[in-house]
Amino acid sequence: MSSSLAACLFVAFILWLFYRDSKNSPKVSKALWIPTVWIGILSSKPVAYWISGNPREFEFSLASEGNAIDRYVSLVLILAGLFVLTRRQIDWRKVWEENRWIWLFYAYAFISVWWSDYPFLAGKRWVRDVGNVVMILIVLTEDNPVEAIRQTFVRCAYVLIPLSILFIKYYLEIGRHYNAWTGEAYFCGVTTYKNSLGRLAMVSGLFLLWSVVDTQRCSGWFRWIKLNLPELLVLLMCAWILVVANSATSLFCSFLGTAVFFASRVTWMRTNPARWVCCAWCLVFLSLVFFFVPDLRGVFTNVVGRSSDLTERTEVYRGCLSLNTNPLIGEGFGSFWLTRGGVELGEALKVTEAHNGYLETYLNGGLIGVVLLLAVLFAAARNTVKQIATGSAAANLYAALLLSCLIYNFTEATFNNNHPIGIILWLIAMGYPPPVAAMIDTGDSESGSYTAEQNFCVQENTAGSGV
């Protein structure tokens, strides 16, 4: 098959996905396209890449000024998002009260800009990171926040997953990445690197799994498959991408998230959130033991074909800590890799991040930044338990995403770093308004059911409460 024909077929497939979803899904406002485009951009290559087609020009954007095109696009989206929020009936007092830890985190991050070696650049990064909160608020202030969450991320998957396969199979000049230092080739699809491709498949897969299992229910296997055929096809694509991307962290977190998703549906767990909390803490503890005990880590990594130093990540950790940054306040928001020591370390180890979200936060914000980050993550965990306790349609998704994303940050830095996973954790932590009214049909007499109001299946569902 020629590349042109393949492109036409894939574009037609994407249009069909959108047509089926719009036909069978509840309506949401057009403003939801703003966060959809925002997350889609963060999940793929920079906008300027698609214009210039030169990947090397954007290799080191994390430690540089970036490019004007992406800055202007981000600014336009943020301003558009603020305009949408000003026209909505929002209880801003409740927004501030329910999310005080997020606001304290950003307040401290803004203050830390002033002791950065490059305060103007750090300030621009702070503004863009605040844009994530704007996008989250647009989603959560929709009339149906559960459906808004689903459509935002599923729409991104509908575009980015098929295009990644198209580029990997037929447009290798786009779908393959070459390491700037070693020249080694990796598949990257619409993203910038193999780990980014694996992350895209992981996140998309979990949202699609939630969509077909919890939010679009229908009696009868044939009708269920007919209703969920678009999501099922893209879900299979996600599985294929996880294999070819060869990203161990994304693959592991995908398995973990899927296991947690189905475990949280078990009545024994769902009816007693305290048990879920205990299991979650045990999982986090085991992850910490794996991370800090080299011998145990070596046994596991040898089984999956990886080195016990986590692909030289432990060397990066030692190098970052050896620079003796200010332990209390760090180097300033998003500024560690701009310092002289950070630049030299990056050139020596061929990295532009600490490959650990918690360590990256410490380097930029010190112990104060880490404490505030943990407070936000604690708020996310508390909100997840609340979803489970109330039988929210988002409960299983929140549980799967929270644990998989927390563990993902053991080997990748995604907090406040323009990463979709960072946005997801902030989304889970946001306490206004809580999407708890839409219930899952669990088969229990005491539980409600969520209906997506599909045209040919609504008569088969039990009427659920709206959000």
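In which helix is the place of Leu233? Leu233 sits in helix 11, which covers residues 221-245, where a helix is a DSSP run of H or I with at least four residues, numbered from the N terminus. This is a predicted model, in which local features need pLDDT of at least 70 and side-chain atom pairs count only at pLDDT 80 or more, while totals for chains, interfaces and linings use all residues. Residues are numbered from 1 along each chain as its sequence is written, and side-chain values use heavy atoms, with hydrogens and water left out.

**Salt bridges**

- The structure holds six salt bridges, each being a side-chain nitrogen of Lys or Arg within 4 Å of a carboxyl oxygen of Asp or Glu.
- One of them joins the side chains of Arg150 and Asp21 at 2.9 Å, N to O, and this pair links distant parts of the chain, since Arg150 lies in helix 8 and Asp21 in helix 1 (residues 3-24), 129 residues apart.
- Arg150 also forms a salt bridge with Glu147, with the closest N and O atoms 3.0 Å apart, and these two residues both lie in helix 8, three residues apart, about one turn of the helix.
- Through shared partners, salt bridges join Asp21, Glu147, Arg150 and Glu231 into one network.
- Arg150 counts as buried because its relative accessible area is 1%, given that buried means under 20%, exposed over 50% and partly exposed in between (1.4 Å probe, protein chains only).
- Glu97 and Arg93 form another salt bridge, with the closest N and O atoms 3.1 Å apart; Glu97 is partly exposed at 38% relative accessible area, whereas Arg93 is exposed at 64%.

**Nonpolar cores**

- The largest nonpolar core has 84 residues, of which Ile149, Phe207, Leu425 and Trp426 touch the most other members; such a core is a set of buried Ala, Val, Leu, Ile, Met, Phe, Trp, Tyr and Cys residues joined through side-chain atoms within 4.5 Å.
- Helix 19 gives the most to this core, with twelve residues.
- Apart from this core lies another, of 28 residues, among them Ile161, Leu166, Leu208 and Met237.

- Phe167, in helix 8 (residues 145-170), is buried because its relative accessible area is 11%.
- Phe167 and Val190 are 23 residues apart in sequence and 7.2 Å apart in space, C-alpha to C-alpha.
- Ser392 lies in the loop between helix 18 (357-390) and helix 19 (395-408), and Ser392 counts as buried because its relative accessibility is 0%.
- The side chain of Ser392 reaches the backbone nitrogen of Ala394 at 2.9 Å.

Conventions
A polar contact is a pair of N or O atoms within 3.5 Å; within protein, one must be able to donate a hydrogen and the other to accept it, and residues adjacent in sequence count only if both atoms are side-chain atoms.
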